[in-house]
Amino acid sequence: ARQFAPLDHISGGRAGWNVVTSASMHDAANFGVDAHPAPEARYARAEEFVDVVRGLWNTWDDGALVRDKATGIYVDASRLRALDHHGEHFDVAGPLNMSRSPQGHPVLIQAGSSGPGQALATRIADIIFTAQSELRPAQAFYAGIKQGIARQGRSPRRVSVLPGVMPIVGQTDAEAQDRYEHLQSLIDTNNSVAQLSHRFGVDLSALHPDDPLPDDLPETNGFRSRIELLPSMPRRRGLTLRELYRHTAASNGHHLIVGSPSRIADELEQWFTQGAADGFNIMAPYFPGAFQDFIDLVVPILQDRGLFHRDYACTTLRGNLGLPRG
């Protein structure tokens, strides 16, 4: 609470908090835990954690910080209260030792796509990040999330689902494909296999790169949602392990679009208009030029189609997302 509230003050209301539970077994060892907790346990703790942080932000009302030199009143005590939280995982008295931030509280983002992750997202998130690489699964995820938000008594229109998209832009489709192939040629096979092994929690280095992914991978308590996403890809597309780790290295399981500006705009528009996304989390394939390419070449097309704004409506992140003050 004390890290994000000042960030919101300093940035003038542009802070956001991506609420993600730890996924690595190494994390558990750093906090005195012998084994990494299952997702259900991690998310139960995370839910209470978020409740406590939001409760601390809400211990100050707007206008509580008076700072009136004439009267000598610094804080209006009637607008300040203790939290007195006593839960399964946390006991926190409060109040927070700083005033309410410009947004009320920072934008809350949640990126877990497992069952427990989705349950947390529908309850607390303003924005939901997700990794979907094909339209139909993205539509199914979107519909399920919106229904879950409604079951929580919240407005589905107030929560935005933003799939990750990695656009590789060229002036033409051929130029974009050449750029993609060049980037793929830079992939280190050992690092890619190590990344997949980390995701699946099993050493894959003994497998031949042209073999399919085994069907009997053990279940882990780590990146469960991403694990559930990746094994389905080879069976749907007939990918070998080599092709899978090339895809994973390129976009980490997110939607990869290679093409001209109009082609990328077409695909983003299709996902947006056909119930797969409220917007997108744009991921750069390289730095520093990839974001600039997207801004210079794709954004004007989206603006001409009335799909992207030409100016900012507000000064805060919440305002520009169409969210109410926290």
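Two elements, β8 (160-169) and α11 (289-304), each supply at least two residues of the lining of the largest cavity. Helices (H or I, at least four residues) and strands (E, at least two) are DSSP runs here, numbered from the N terminus. β8 gives the most to this lining, with three residues. This is a predicted model, where local features need pLDDT of at least 70, side-chain atom pairs count only at pLDDT 80 or more, and totals for chains, interfaces and linings use all residues. Residues are numbered from 1 along each chain as its sequence is written, and side-chain values use heavy atoms, leaving out hydrogens and water.

**Cavities**

A cavity is a set of points, on a 1 Å grid over the protein atoms alone, where a 1.4 Å probe fits but cannot get out, and lining residues have an atom within 4 Å of a point. Grid points are joined across faces, edges and corners, and a volume is the space filled by probe spheres set on the points. By this rule there are two cavities of 30 Å³ or more.

| Cavity | Volume | Lining residues |
|---|---|---|
| Largest | about 40 Å³ | Pro-167, Ile-168, Val-169, Arg-179, Pro-285, Tyr-286, Ala-290, Asp-293 |

For the classes, Ala, Val, Leu, Ile, Met, Phe, Trp, Tyr, Cys and Pro count as nonpolar, Asp, Glu, Lys and Arg as charged, and the others, Gly among them, as polar. The lining of the largest cavity then has six nonpolar, no polar and two charged residues; that of the second largest cavity has four nonpolar, three polar and one charged.

**Cores**

Trp-57 and Leu-96 turn up again in the largest nonpolar core, of 27 residues, where they are among those that touch the most other members, along with Trp-17, Val-19 and Ile-128. Such a core is a set of buried Ala, Val, Leu, Ile, Met, Phe, Trp, Tyr and Cys residues joined through side-chain atoms within 4.5 Å, with buried meaning under 20% relative accessible area (1.4 Å probe, protein chains only). β1 (16-19), α3 (39-57), α4 (115-124) and α5 (135-151) give two or more residues to this core, and α3 gives the most, with seven.

Leaving aside residues up to four places away in sequence, Leu-96 touches Ala-1, Arg-2, Ala-5, Leu-56, Trp-57, Thr-59 and Trp-60, contact being heavy atoms within 4.5 Å. A second, separate core of 10 residues includes Val-165, Ile-257, Val-298 and Leu-302.

Conventions:
On a 1 Å grid over the protein atoms alone, a cavity is a set of points where a 1.4 Å probe fits but cannot get out, and a pocket is an open set with protein on both sides within 12 Å along at least five of seven lines; lining residues have an atom within 4 Å of a point. Buried means under 20% relative accessible area, exposed over 50%, partly exposed in between (1.4 Å probe, protein chains only).
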